[in-house]
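Q: Hi! I'm new to this one, could you walk me through it?

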Amino acid sequence: MNAVTEPETLSELIADCALIPATLQAESRPPAPVTARPWAVDEACHAQVAELDAYV
């Protein structure tokens, strides 16, 4: 690893990353993203626009 120049190839980048001390590496992966519930229109939402002639 040469600290003065950027890696020019993928092999050099992998070699540089392999030299990262274990204390600086992530201990675990982040949690999986939570999937939101599907959006739905309920009666209260519908009632807000029921009387409008033009709802955009």
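A: Happy to; here is a short chat about the model above.

A: This is a predicted model, where local features need pLDDT of at least 70, side-chain atom pairs count only at pLDDT 80 or more, and totals for chains, interfaces and linings use all residues. Residues are numbered from 1 along each chain as its sequence is written, and side-chain values use heavy atoms, leaving out hydrogens and water.

Q: How many helices and strands does the chain have?
A: Two helices and zero strands, counted as DSSP runs numbered from the N terminus (helices: H or I, at least four residues; strands: E, at least two).

Q: And where is Leu-10?
A: Leu-10 sits in helix H1, which covers residues 10-18.

Q: Why does Leu-10 count as exposed?
A: Because its relative accessibility is 61%; exposed means over 50%, buried under 20%, and partly exposed in between (1.4 Å probe, protein chains only).

Q: What share of the chain is buried?
A: Buried residues are 2% of the 56 in the chain.

Q: Are Cys-17 and Cys-45 buried or partly exposed?
A: Cys-17 counts as partly exposed because its relative accessibility is 40%. Cys-45 is partly exposed too, with a relative accessible area of 31%.
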